[in-house]
Amino acid sequence: MQLAEFGGSLLTKANTETKIETETKAKSKKIQTNFDYDAIVIGTGPGGEGAAMRLAKENKKVAMVERHHQVGGGCTHWGTIPSKALRHSVRRSIEFNSNPLFNPSEKKVKLTFENILQHTTKVIRDQVRMRAGFYDRNFVDVFHGSATFVDKNTLNISREDGPDELLTAENIIIASGSRPYRPDDVDFDHPRIYDSDTILSLKHDPKSIIIYGAGVIGCEYASIFRGLGCKVDLIDTRDRLLSFMDAEMTDSLSYHFWNCGIVIRHDEEYESIVASDDSVVLTLQSGKKMKADCILFANGRSGNTNTLAIENTGLVPNSRGSLEVNYQYKTSAENIYAVGDVIGYPSLASAAYDQGRIAADYILKVPTETQLIEDIPTGIYTIPEMSSVGKTEQQLTAAKIPYEVGRSSFKHLARAQIGNSAIGSLKLLFHRETKEILGIHCFGENAAEIIHIGQAIMQQKNGGNTIDYFVETTFNYPTMAEAFRVAALNGLNRLF
């Protein structure tokens, strides 16, 4: 009896302990799933907006965290929107000054950087108002402050005008974007040294500028400042401009830059950048020296992970601050996703928005195999523009794909002649045997718009993607779209 009682006592104790352990686990699980939000999105740029809107439309409780005092992210306030608005103002000024109908005298209209910022400021204001409305109408909570990870489900929001606040969520989407790369030996606090974010604070009217870095941002700002009448030195660390684009198109841009007075220096690296009260002197490793009123340093970008306390999640960014993700845009942390510039390539606002929506679909667990399209269009907003979709001639040659080329020169199009925009061309690359369109490349005014006509045909399935479409359809006349018919006929005439 004593043994039985003892055994029963042990059994009862074991059962009690098991019950307590089960209740504790259940309670712990309940606590862990009782989050403030279904998802928190860090960053209100295109990637964050795409994710938040998709989740909100499915009645998920969503919060946005934005470190800036207004929504929109870097795209709206410092990057895509401002630079394109600046370009538009400069382009209109060039058009006015070159058209004898509007400006018959020798006196030219002279705009300053401060002048064109007025239009840019209005565009930014309109964009902010519109995007803030999206979040209000869809009941998305917006927190303005700096987010840091406490753990993989918890964020601390630090605000300048109030106490810190802890937010928890089942899923967190990092859409924090990127910032200009700043080497330690360059004094970016000096009022004559700028990066692509701070250039919008330029107050004086420079007569000359050095642009270090001839990527997309560098080339776009070279066009803007040259259009304002500045002497521009463009320093390229590579052997050709925008080497990821079709060589014929970038050659056209290089020639146009040279023709309008931009000096391009290829294969150069800086040795030192020394600024004084009235100028900046750049010394290159090759020994060359140049002097200008100011310098724009635009040589690469870094992912915005440095202030997130990302180490508290177990994630490790690469040397440029970018995060690695899988096809679902999920990081190695099961509940954390990342989209947009913070994951690197392709670093396009258009792609970031789609990445955000795709990540949201996987969070929602809806049946989907959605991925970014293979042929993402690229738009370079120089003056004139350059745009591309699909393969380049260099890629097709390397892959030994038998292709042919069809070309159309804008100077032969009635619409281009009417609009005084005769500089430029359209190039179609297509398979010699199947006539499938393999790549489209455009240089000229409105190239980023024109390219989408061809892109729409490239996306057709079941044999619908052939160059014959442009010959068999009827275009409005006169239009720039007619360039596709001209290029298609030109290419088909090369077949035998």
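**Exercise 1. Pro-478 lies in the loop between α12 and α13; find the kind of peptide bond that joins Tyr-477 and Pro-478.**

Solution. Keep in mind as you work that this is a predicted model.
- Step 1: Read omega for the bond between Tyr-477 and Pro-478, which is about 0 degrees.
- Step 2: Name the bond: a cis peptide bond joins these two residues.
- Step 3: Compare with the general rule, that most peptide bonds are trans.

**Exercise 2. Work out the strand order of the five-stranded open sheet, then find its edges.**

Solution. 
- Step 1: Follow the pairing from strand to strand, which gives β18-β19-β22-β21-β20 with antiparallel pairing.
- Step 2: Look for strands that pair on one side only; these edge strands are β18 (378-380) and β20 (403-409).
- Step 3: Check the angle between neighbours. Ignoring direction, neighbouring strands are turned by 10 degrees against each other on average.
- Step 4: Zoom in on one pair. β19 (residues 386-390) and β22 (residues 437-444) are antiparallel partners over five bridges, and Ser-387 stands opposite Cys-442 in β22.

**Exercise 3. Decide whether Asn-465 is buried or exposed, and list its contacts beyond four places in sequence.**

Solution. 
- Step 1: Find Asn-465 in the loop between α11 (447-458) and α12 (468-472).
- Step 2: Apply the cut-off: buried means under 20% relative accessible area. Asn-465 has 8% relative accessibility, so it counts as buried.
- Step 3: Collect the contacts, leaving aside neighbours within four places: Lys-435, Glu-436, Ile-437, Ile-457, Met-458 and Gln-460.
- Step 4: Pick one of these partners, Lys-435, which sits in the loop between β21 and β22. Lys-435 has a positive phi near 65 degrees and is a residue other than glycine.
- Step 5: Classify Lys-435 too. Its relative accessibility is 26%, so it counts as partly exposed.

**Exercise 4. Step back and describe the chain as a whole: its secondary structure, its span and its surface.**

Solution. 
- Step 1: Count the elements: 13 helices and 22 strands.
- Step 2: Take the span of the C-alpha trace along its principal axes, about 115 × 65 × 45 Å.
- Step 3: Note that 48% of the 496 residues are buried, while the chain exposes about 25,100 Å², with carbon and sulfur atoms supplying 50% of that area.
- Step 4: Consider contacts between residues at least 6 apart in sequence; 63% of them join residues at least 24 apart.
- Step 5: Finish with charge. There are 54 positive and 61 negative side chains, and the centres of the two sets lie 4 Å apart.

Methods: Residues numbered from 1 in each chain as written. Predicted model: local features only at pLDDT ≥ 70, side-chain atom pairs only at ≥ 80, totals over all residues. Heavy atoms only, no water. Helix = DSSP H or I, 4+ residues; strand = E, 2+ residues; numbered from the N terminus. Buried < 20%, exposed > 50% of the residue type's maximum accessible area, 1.4 Å probe, protein only. Contact = heavy atoms within 4.5 Å. Areas by Shrake-Rupley, 256 points an atom, 1.4 Å probe, with all protein chains shown as cover. Lys, Arg positive; Asp, Glu negative; His and termini not counted. Charge placed at Lys NZ, Arg CZ, Asp CG, Glu CD. Pairing = 2+ DSSP bridges. Axes fitted to C-alpha atoms, helices over the stretch in contact; angles between N-to-C directions.
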